[in-house]
Amino acid sequence: MRSLVTGSSIRGLPVVTIADGEDVAEVRDVLYSPEAGRVVGLTLNKRGFLAGRRREVLPAETIHAIGRDAVMVDDESSLLLPADAPEEVGAPPSGRDVTGDEVLTDGGTSLGQVRDVVVLVGSNGEVVGYEIETASGGTGYIPLPVQLAVSGSALVVPEATKEFVEDDLVGLGAAVDEFRSTVGI
Amino acid sequence: MSERFAAAMGRKMVSRATAEELGELAHIVVDVEHRRIACLTAGKRRKALLVDWENVSGFGPDAVIVTDESALYAARDDRERAAVDGKLDLLGKRALSEMGDDLGPVTDVVFDAASGAVETLVLGDHEEPATSLLGAGSFAAIIRAPSRE
């Protein structure tokens, strides 16, 4: 049983230093790489009401854990200027958003459209599935294999994914491991 | 002899040298790295004063005895101002696990009255040894996550 959150619920979380318990920033956006199948980093806002953007970014490698209530880092040196961060985080390519992409099984069935990524709580950005809008307009959650084909407008998942469309994150949390053993990854 | 932060708040602080009452205990600042009390504060706002633990000669159930009135000093820097404003208090602070989960507020802190060593953090009906405290600041106290699996 795994505890999961959607990418959109990570936005706005405080970024807190473990060393001195300060909220040094908050999450502005989640940078997801469909090729890597994981969150590669976070962009940041300042804390406070009139908070503007913070220039620094948070590469996944420097994240201690993405939790339900905060993103934890060792200390403020974990926040890097874009020039000092890996390119995929410091200068992320545009047009890589998977939102709206059609999810097709390799048997040719459409499962719906991607609405959000689903992140493993306590990881530094492991994405275990997608929230999708199903053909009927409902919300579903599908587990992801580690490797999958993405084109920019669609992605192809194993046929077995059909059997693992869940109604909620709790269901997906329970299904991830079984799915992964089923598709043999 | 163990004492608790919550029960100690407001306790009178008395000079050993003159037996005069110097104020009431307002805040307790913990040196997280060494897991011991660093200093106490007395009074509020502009009248607030600090006293280092080294100059606390007795922390008893009825009074906190300070060596001498001259051991009390006003805040000199941002950190000391934060201390007298209560921003560094462990008591009442949001506890976060190092995995980013909110554990609720720190409801009490148990310490050794002789040494000032912090022994236990109380988080509601749950207790954590002081060794689980990884860091603390104005936003949160960070608690080591139990090793998983």
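First, the ground rules. This is a predicted model, where local features need pLDDT of at least 70, side-chain atom pairs count only at pLDDT 80 or more, and totals for chains, interfaces and linings use all residues. Residues are numbered from 1 along each chain as its sequence is written, and chains are lettered from A and ligands numbered from 1 in the order in which they are written.

Chain A is assigned domain 1 (4-90) and domain 2 (102-182); such bounds come from an automatic or database domain assignment. Over C-alpha atoms, the centres of these two domains of chain A are 24 Å apart. Their contact uses 19 residues of domain 1 and 22 residues of domain 2, where contact means that the C-beta atoms of two residues, placed from the backbone, lie within 7 Å. On the domain 1 side, strand S1 (4-6), helix H1 (7-10), strand S4 (38-45) and strand S6 (63-66) of chain A give two or more residues each. Helices (H or I, at least four residues) and strands (E, at least two) are DSSP runs, numbered from the N terminus. That side of domain 1 of chain A has 11 nonpolar, 5 polar and 3 charged residues. For these classes, Ala, Val, Leu, Ile, Met, Phe, Trp, Tyr, Cys and Pro are nonpolar, Asp, Glu, Lys and Arg are charged, and the others, Gly among them, are polar.

Now to S4(A) itself. Is it enclosed or open? In S4(A), 7 of the 8 residues are buried, so the strand is largely enclosed by the rest of the structure. Buried means 20 or more other C-beta atoms within 10 Å of the residue's own, with C-beta atoms placed from the backbone; exposed is 12 or fewer, and partly exposed is in between. S4(A) runs antiparallel to strand S3 (residues 23-33) of chain A, with 7 bridges joining them; strands pair if DSSP finds at least two bridges between them. One such bridge links A:Val27 with A:Leu44. The hairpin of S3(A) and S4(A) has 4 residues between the strands, and A:Gly37 there has a positive phi near 65°. S4(A) also pairs with strand S5 (residues 53-59) of chain A, again antiparallel, over 5 bridges. There, A:Asn45 is the bridge partner of A:Arg53.

On to chain B, which has 2 helices and 14 strands. Of its 149 residues, 40% count as buried. Chain B is assigned domain 1 (2-84) and domain 2 (94-143), with centres 20 Å apart over C-alpha atoms. The contact between them takes 13 residues from domain 1 of chain B and 16 residues from domain 2 of chain B.

Next, the two chains together. Their contact takes 16 residues from chain B and 19 residues from chain A. On the chain B side, S13(B) gives the largest share, 3 residues.

Last, the core. The largest nonpolar core has 97 residues, and those with the most contacts inside it are A:Val15, A:Val71, A:Val118, A:Val119 and B:Ala141. A nonpolar core is a set of buried Ala, Val, Leu, Ile, Met, Phe, Trp, Tyr and Cys residues joined through C-beta atoms within 7 Å. Beyond four places away in sequence, A:Val118 touches residues including A:Leu4, A:Tyr130 and A:Leu172.
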